Amino acid sequence: MSQQNKRRLPVAALLIMSLFAPAPWATAGEDVRILLEILLEKGIITQEEFDQKLKKAREKEGIRSFNESQDIRRANWEIDKRAEEERKFKTQFYGQLSSGYYSVNNTTLKLLDASGMSDQPKANNRVGVKFTREIDSDLTAVITLESNFSLRTGALGRDAAGYGSSNSSGVGSALLDREASLRVNSLKYGTLILGRGPTLQNDLSSAFDARSNWNFGGLKPIGRYAGFHSASGVNRADKLIRYTSPAYEGFSGDIAVSLGGAPGFEEYGTSTHVGGRYKQGNFEAGYNHIEARLGGTSQKEVNNRVDIFAMKYSRDQLTLNAGYVVTRNPSGTAGVFDTNKTAGRVDADTWFAGAIYRLTPSLSWNGGWYQVRDKTLQTVKNQNNDIRMLATGLTWTPYKEWDLFIDYARSFRENGATGAFTIYDKWVPDTSVGGVAGGYSESKRSQSGISIGAQYKF
């Protein structure tokens with residue numbers, strides 16, 4: 001063997017080893033082909049060996065590239081899977097609170113003037129959590145837990161007044177007084193609600209009242225007085241099964257049952273709700289009928305029957321609202337008008353109308369007119385439980401989470417009224433001297449007042 005060939009052997013061995021060594025630069029591309037061409041030119045390998053080794057190198061490179069792509073695909077799939085799981089399951093904490101200053105005359109049975117820190121003047125304070133699970137592209141399950149609370153007293157779980165489960169008076173209720181429900185939502189099949197939750201009556205009262213500050217001089221205190229809004233089963237109900245259909249040609253139906261269920265008497269305490277909503281363009285309307293047995297599972301007969309008709313029309317900056325409510329309590333005691341709905345003694349016709357005008361994108365004016373006509377058999381001379389109420393206000397929304405407002409409301413009563421009413425929902429003012437029994441802000445005389453405050457949503 002010549003010296004030249006001896007010198008070539010180490011070089012050739014090095015080149016051949018480099019072809020199959022796990023070097024980071026080893027590819028079946030230009031680098032490998034160039035090395036093999038050098039060996040071929042120097043006569044170290046034949047053309048046949050060149051073709052075989054290049055083919056083998058390319059096969060190994062193909063396998064390596066395939067494995068790498070599979071690893072990348074698997075990693076991407078795991079990332080997408082985690083993202084999909086996170087997208088399908090969501091937890092949302094939310095709420096709103098409002099407070100401010102109030103001044104109202106003729107409050108309580110003592111006809112006292114009251115002023116101070118207001119409690120929920122715009123809408124009910126609330127805090128809640130929603131757990132949402134996307135079952136498929138059209139089906140979503142939502143668990144909602146929501147409680148009312150007072151900024152004045154810190155009381156929780158009481159939809160009326162400032163009292164709750166933490167109040168020392170002993171007047172309490174469930175902590176999750178507003179909602180504890182399971183919703184199953186489907187665009188194709190509609191929505192099913194199970195548990196404690198709002199009825200269609202609650203939705204209509206909110207949607208068709210022009211007074212956005214409806215805890216003060218709005219439809220809520222009127223409805224509580226006339227028997228079609230309360231926490232006792234009319235606007236919110238326990239053991240509720242409610243179904244809302246998907247919209248068809250603008251119309252959606254709504255049916256619900258609130259189960260009673262005394263042993264052996266399943267119909268006792270059971271209430272039914274039937275209605276629907278219609279929306280087409282700028283026009284919207286709603287109707288609901290209630291056959292309620294209020295007062296617990298011992299209640300056999302229907303003692304609260306409600307029919308509500310409402311409509312709304314919007315154009316540009318102006319929205320007009322109107323509605324009519326018939327409340328009948330067939331099992332009540334004749335001649336007595338009692339705003340305690342469980343006693344079943346409120347027969348009334350209610351009309352309401354109002355308007356909202358947006359002065360600027362962040363400033364709006366609202367006004368409402370309400371009238372309740374007492375339909376009970378008047379066995380008491382000069383008895384007149386009719387109410388007329390006017391309310392108006394300005395709302396400024398500098399940010400989407402904040403509302404700043406000022407409101408004025410006035411109710412008109414006749415002499416001889418036996419039913420107590422308040423323009424400021426039903427709560428206990430700081431100047432109360434009668435406790436729960438005689439200290440609510442409601443009275444049997446005309447009232448007027450102002451409310452200035454702010455509301456924050458989160």
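**Notebook: aromatic rings and a buried helix**

I began with Tyr-324, which is partly exposed, with a relative accessible area of 27%. I keep in mind that this is a predicted model.

Next I looked up the ring neighbours of Tyr-324. The rings of Tyr-324 and Trp-351 have centres 5.3 Å apart and planes at 35°, so I noted the pair as tilted. Tyr-324 belongs to strand S12 and Trp-351 to strand S13, so this pair ties together parts that lie 27 residues apart in sequence. Trp-351 is also partly exposed, at 32%.

I then counted nine aromatic pairs. One of them joins Phe-309 and Tyr-324, and I recorded it as stacked, with 6.4 Å from centre to centre and 15° between the planes. Phe-309 sits in strand S11 and Tyr-324 in strand S12, so the pair links parts 15 residues apart in sequence. For Phe-309 I found a relative accessibility of 41%, which counts as partly exposed. Together with Tyr-287, the residues Phe-309, Tyr-324 and Trp-351 make up one aromatic cluster.

Which elements do the buried residues of helix H5 pack against? I found helix H4 and strands S12, S13, S14 and S15. H5 covers residues 219–226, and eight of its eight residues are buried. Just after H5, I saw that Gly-227 takes a positive phi of about 90°.

My last entry concerns the largest nonpolar core, which has 36 residues; Leu-219, Ile-222 and Phe-228 are among those that touch the most other members. The largest share of this core, four residues, comes from H5. Among the residues that Phe-228 touches, I listed Gln-201, Leu-219, Val-306 and Thr-350.

Conventions. Residues numbered from 1 in each chain as written. Predicted model: local features only at pLDDT ≥ 70, side-chain atom pairs only at ≥ 80, totals over all residues. Heavy atoms only, no water. Buried < 20%, exposed > 50% of the residue type's maximum accessible area, 1.4 Å probe, protein only. Helix = DSSP H or I, 4+ residues; strand = E, 2+ residues; numbered from the N terminus. Contact = heavy atoms within 4.5 Å. Core = buried A, V, L, I, M, F, W, Y, C linked by side-chain atoms within 4.5 Å. Phe/Tyr/Trp six-rings, centres within 6.5 Å; stacked < 30°, edge-to-face > 60°. Lists of a residue's contacts leave out its neighbours within four places in sequence.
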